[in-house]
Amino acid sequence: MTSRNPLQLSVGQTIKNYFLRHFQTFLGTMGRLYANPVASLMTILVIGVALALPALLQMMVNNGTRLSGQWNNVYDISVFMSEGTSIDSARSYSQELISHDAIITTKVIPADDALERFKNNPDFGASVETLDVNPLPHVVVVTPAPTHTGTQSIADLKAQLQGEPNVDVVQSDGVWINRLNKLVEILKRSVASAFGLLALAVMLIVGNTIRLDIENRREEIIITKLVGGSNGFIRRPFLYFGAWYGFAGGVCALLVVMGVGLLLDGPVAELASLYGSDFALGYLSPWEALGLIGVGTLLGWLGAWLAAQRHLHAIEPR
């Protein structure tokens with residue numbers, strides 16, 4: 001039987017003791033938070049609200065992105081042919097447009113097909129049945145290339161199509177989707193700005209809470225330093241306090257976001273149905289939810305570290 005190296009035993013015991021002390025501190029700080037439920041809950045709620053604001057903005061960005069993605073077809077331009085234009089002329093014109101650099105596809109909707117759609121619509125079917133002749137023109141639906149979906153590009157393409165022979169009216173709804181995309185871009189930048197400001201607020205909240213805790217334990221800290229305790233040893237429980245505050249605040253923020261989502265879910269679905277859409281409000285993804293809790297924990301730890309680093313050095317035995 002081989003004997004173990006004393007150095008290996010010493011290193012193994014040191015590592016074991018290191019993790020044991022951290023585990024004890026982990027449980028001890030959780031117990032102290034539980035022992036002061038009102039003060040702890042107030043701090044956690046404030047952190048939760050601060051973290052929930054950028055998270056709600058991120059949820060709005062996610063839904064705006066999904067919405068604009070679902071309505072990419074609004075970039076299509078409807079070209080209504082002049083009265084008297086034959087279906088063959090409309091199809092020939094459609095084929096000519098394919099060669100245009102700004103256009104990727106075209107589709108012809110014959111007037112008879114359009115009229116049939118109206119007949120099948122319960123809101124217009126009865127009225128359409130009374131018509132003696134088909135008043136609808138042939139329509140060529142033009143899909144612009146992705147590089148030509150900007151506001152100015154759409155306007156230029158519409159003007160060019162409007163000037164073509166046998167074209168009566170050119171219509172596009174792409175302007176408002178461009179506005180929606182710009183709004184989503186503004187929201188994305190707002191999320192980054194809000195997160196930066198509110199992350200600083202979370203660190204200040206935790207830092208101030210830890211500062212008060214350090215002041216309340218000043219005598220205990222002085223005694224610990226007198227018997228040889230280092231700043232790192234004394235700082236450890238405060239870091240765990242900060243991490244616990246941040247973790248619980250992140251969970252609270254996630255609950256706030258889910259609660260707001262549940263409140264808006266029904267009205268959003270009803271609004272979407274009015275526009276004939278099956279759009280449903282989306283929540284934060286699992287990774288975003290975990291990221292929110294993780295960021296809250298990190299900010300709490302960082303705020304506690306900054307406060308402890310500053311105030312522990314100011315407390316020295318006389």
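**The aromatic pair and its helix**

Mentor: Phe247 is partly exposed, at a relative accessible area of 37%; this class lies between buried, under 20%, and exposed, over 50%, as computed with a 1.4 Å probe on protein chains only. The model is predicted, so local features need pLDDT of at least 70 and side-chain atom pairs count only at pLDDT 80 or more, whereas totals for chains, interfaces and linings use all residues. Residues are numbered from 1 along each chain as its sequence is written, and side-chain values use heavy atoms, with hydrogens and water left out.

The partner of Phe247 is Trp244, and the two rings form an edge-to-face aromatic pair, with centres 6.2 Å apart and planes at 85°. Rings of Phe, Tyr and Trp (its six-membered ring) pair if their centres lie within 6.5 Å; planes under 30 degrees apart count as stacked, over 60 as edge-to-face and the rest as tilted. A search of the whole structure finds one such pair. Trp244 has 18% relative accessibility and therefore counts as buried. Both residues belong to helix 9, where three residues, about one turn of the helix, separate them. Helices here are DSSP runs (H or I, at least four residues), as are strands (E, at least two), each numbered from the N terminus.

Helix 9 covers residues 231-274, and its axis comes within 7 Å of that of helix 10, residues 286-312, crossing at roughly 150°. Helix 9 is therefore roughly antiparallel to helix 10. Axes are lines fitted to C-alpha atoms, for helices over the stretch in contact, with angles from 0 to 180 degrees between N-to-C directions; under 35 degrees counts as roughly parallel, over 145 as roughly antiparallel, 65 to 115 as roughly perpendicular and the rest as oblique. The residues of this contact comprise 16 nonpolar, eight polar and one charged. Ala, Val, Leu, Ile, Met, Phe, Trp, Tyr, Cys and Pro count as nonpolar, Asp, Glu, Lys and Arg as charged, and the others, Gly among them, as polar.

Helix 10 itself has 27 residues and spans 38 Å from first to last C-alpha, close to the expected 39 Å, which is 1.5 Å times one less than the number of residues. Its buried residues include Gly296, Gly300 and Gly303, as well as Ala304, Ala307 and Ala308. As for the setting, the protein contains 10 helices and four strands, and 38% of its 318 residues count as buried.
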